[in-house]
Amino acid sequence: MATNRTFTMIKPDAVEKGHIGGIINMITEAGFRIVSMKLTQLTVADAQKFYAVHSERPFYGELVEFMSRGPIVAAILEKDNAVEAFRTLIGATNPADAAEGTIRKKYATSIGENAVHGSDSDENAAIESAFHFAGREEF
Ligand code: CMP
């Protein structure tokens with residue numbers, strides 16, 4: 001059964017361009033409640049661990065370098081069927097394929113620098129949330 005939480009990051013490209021406010025506004029306008037949120041930065045080791053599932057992919061090095069190059073916003077979000085609802089809101093991984101009205105259509109520039117992350121399953125949402133937040137930081 002789908003749970004009601006997902007995990008997101010506003011990635012370094014979107015933070016650098018000043019899009020934190022615009023993206024959070026789209027998220028809350030779409031009906032998500034913010035459970036946890038912080039501005040933080042991944043170390044290279046953090047990014048390697050977070051994206052370990054992609055370690056055999058050709059873009060892994062580029063992904064780790066990108067995700068650790070500057071601050072990100074990490075957040076846990078709540079809404080019915082949160083994982084699927086949030087992936088619909090952010091749009092396709094490649095912004096060239098992202099639907100009108102999605103976060104990536106508006107703010108992403110390439111398949112690598114795609115502005116936001118959204119968990120792909122309830123299981124990963126829980127793992128990724130625990131990677132960034134202690135239980136006492138969930139409200
Ligand atoms: P996300 O889905 O948040 O997590 C995996 C990330 O890998 C993805 O966003 C992209 O940022 C990145 N990614 C996926 N495919 C490619 C690719 N072909 N080239 C570069 N980066 C990629």
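Predicted model: local features only at pLDDT ≥ 70, side-chain atom pairs only at ≥ 80, totals over all residues.
Tutor: Residues are numbered from 1 along each chain as its sequence is written, and side-chain values use heavy atoms, with hydrogens and water left out.

Student: Why is I90 called buried?

Tutor: Buried means under 20% relative accessible area, exposed means over 50%, and partly exposed lies in between (1.4 Å probe, protein chains only). The relative accessibility of I90 is 1%, and therefore I90 counts as buried.

Student: Where does I90 sit, and what does I90 touch?

Tutor: I90 belongs to helix α5, where a helix is a DSSP run of H or I with at least four residues, a strand is a run of E with at least two, and both are numbered from the N terminus. Contact means heavy atoms within 4.5 Å, and, leaving aside neighbours within four places in sequence, I90 is in contact with T102, I103, R104, V116, H117 and G118. The C-alpha atoms of I90 and H117 are separated by 8.1 Å, although the two residues are 27 residues apart along the chain.

Student: Which residues of α5 are buried, and what puts them on the same side?

Tutor: In α5, residues 82-90, the buried ones are A82, V83, F86, L89 and I90. They cover an arc of only 130° around the axis, which puts them on the same side of α5; the arc is that of the directions from the helix axis to the C-beta atoms. An α-helix has 3.6 residues a turn, so residues three or four places apart point the same way. The exposed residues E84 and T88 are on the face turned away from the buried side of α5. Among the elements that cover the buried residues are β1 (5-10), α2 (20-29) and β3 (72-78).

Student: How do you know that β3 is mostly covered, and which strands pair with β3?

Tutor: Seven of the seven residues of β3 are buried. I72, A74, I76 and E78 point one way and V73, A75 and L77 the other way, and all are buried. Two strands pair if DSSP finds at least two bridges between them. β1 and β3 pair in the antiparallel sense over six bridges, with A75 as the bridge partner of T8. Strand β2 (residues 33-40) is joined to β3 by seven bridges, also antiparallel, and there the partner of I34 is L77.

Student: What makes N114 a buried residue, and how far is N114 from the ligand?

Tutor: N114, in the loop between α6 and β4, has 2% relative accessibility and therefore counts as buried. A polar contact is a pair of N or O atoms within 3.5 Å; within protein, one must be able to donate a hydrogen and the other to accept it, and residues adjacent in sequence count only if both atoms are side-chain atoms. A polar side-chain atom of N114 lies 3.3 Å from an oxygen atom of the ligand, and for H117 the corresponding distance is 2.9 Å. Taken alone the ligand exposes 460 Å², of which the protein buries 80%, with areas from the Shrake-Rupley method using a 1.4 Å probe; for residues, only the protein chains shown count as cover.
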